[in-house]
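Q: Could you take a close look at the aromatic pairs in this model and walk me through them?
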Amino acid sequence: MASTAAVAVALIPLIYLGVRTGEAGWSRIVGELFTERVAVLAARSLALVGVVTTACTALGVAGAFLVTRTDLPGRRFFGVLAALPLAVPTYVAGFAWISTVDSFAGFWAGALVLTLCSSPYVFLPVAAALAGADPAQEEVSRSLGRGAWRTFTDVTLRQVRPSIAAGALLVALYVLSDFGAVSILRVDTFTRAIFTAFNVGFDRTGALVLSTVLVVLTVLLIGGELLTRARGARYARVGGAGRPPTRLHLRAARWPAAAALTAVAVLALGVPAASLARWLVEGVSRPGSLGEVATAAGNSLAVSLSGAAFTMLLALPVGLLTARAPGALATLLDRLTYVAHALPGVVIGLSLVFFGINVVYPLYQSVWLLALAYATLFLPLAVGAVAGAAAQSPPSLEEAGRSLGRGPFQVFRTVTLPLTLPGIGAGAALVFLTCMKELPATLLLRPTGMDTLATELWTHTNTASYAAAAPYAALLVVLAAVPTWFLTVRGGL
């Protein structure tokens, strides 16, 4: 029941889309849908998803392997560097690149920025999986005469395949829903077209039809990810518990590998940092007062903490159901949480404006309606963290608790919850981080008079007041770096 209620929250935008789109009538829907423009948008959006997801998967897997399984010099430092781009919002990275490189715009510019900002979605789960994978299976493979490369492709990658697929799915959905980079770099995707239709063209029906197509693409991506899973497969340790895997000696490749990771870090972190510094030095606009920046930071922390707490509360029953009672129902509920994750924040925001005015009016213009939007957007991140932690805790301990006469709630409080707390903490950190960066839904749903770091940054950069925007951007990145560092440590790097 609790899992169904949690998923129902994630489906609010889909209900809104169905109701509002249906009001237009089939003739209008068909006229909007079967056009050359929709076909071009679909092709460009899917091409961007394909390029960015492939690049992020290659970067994430290679970086995770180098950091966790080789004698790379400074590997812990490089592990932190590989995760930190997660703290840089795409709109900050987009503004940094476009103000640094002349004529930096278009498809490949957007692909580069999205790849640099999104690769940690693959790196973090794969690095954690590699750090905890069973070394005994690899040792058996090597003892049978297989070389290091064949062992990696045939054994190691198979062990971490679920983490690779899950990370790649998050990247694909993130690219579909991104508004910051594609709007700044002028990449005409579904998200940009939807925002333009709502805010410039006042074409609500056209925007809703495009959003519906985006939902269909999301369902196809989720179905494709499910096909990558082996039915009934278990990826658990069968030996070597607590023993670290043997590290591969890179020999002459050590420093070239370190140089490659450094180059990626410079592109992902160095360019935004240099751009922020230049904005402050060369800008002619006045930076906001310390009090204004502090107020925006406090508001960002408050709404992000509220969103993270509410999201984890909803994610807990879904994650536990997925881990403890796998089956068709659990899989369906888990996958349904991903559908809204690919919708643009502007669609989520408008759906909850409608929901707040017509269903829960006392919550309208409150922080809690914004927290509901964050939960709708980021529930999959929290569910995955809870399910992963619960899957690693032995069910036998819960069975032992019940056999001693403890009720379900007592077993949950004294056994299940303590075992899953590390996963809950990691999920809360990831959701808090993404709430800090979220822009479109925050613009639409924040209470009147409340400004956050993200909204202040967007306001100033839209008017080319880069010096005024710099303190908000810098503080946003610094605050977002704290949970990113926690996720890196939590992953065992």
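A: Here's a walk through the aromatic pairs.

First, the model is predicted, so local features need pLDDT of at least 70 and side-chain atom pairs count only at pLDDT 80 or more, while totals for chains, interfaces and linings use all residues. Residues are numbered from 1 along each chain as its sequence is written, and side-chain values use heavy atoms, with hydrogens and water left out.

The structure has 10 aromatic pairs. To pair, rings of Phe, Tyr and Trp (its six-membered ring) need centres within 6.5 Å; planes under 30 degrees apart count as stacked, over 60 as edge-to-face and the rest as tilted.

Take Trp-97 and Phe-104: their ring centres are 5.1 Å apart and the planes sit at 25°, so this pair is stacked. Both Trp-97 and Phe-104 are buried, where buried means under 20% relative accessible area, exposed over 50% and partly exposed in between (1.4 Å probe, protein chains only).

Now for Phe-179 and Trp-458. Here the centres are 5.6 Å apart with the planes at 50°, so the pair is tilted. Phe-179 lies in the loop between helix H11 (161–177) and helix H12 (180–184), and Trp-458 is in helix H23 (residues 453–462), so the pair ties together parts 279 residues apart in sequence. Helices here are DSSP runs (H or I, at least four residues), numbered from the N terminus. Phe-179 is buried, and Trp-458 is too.

Conventions: Helices (H or I, at least four residues) and strands (E, at least two) are DSSP runs, numbered from the N terminus.
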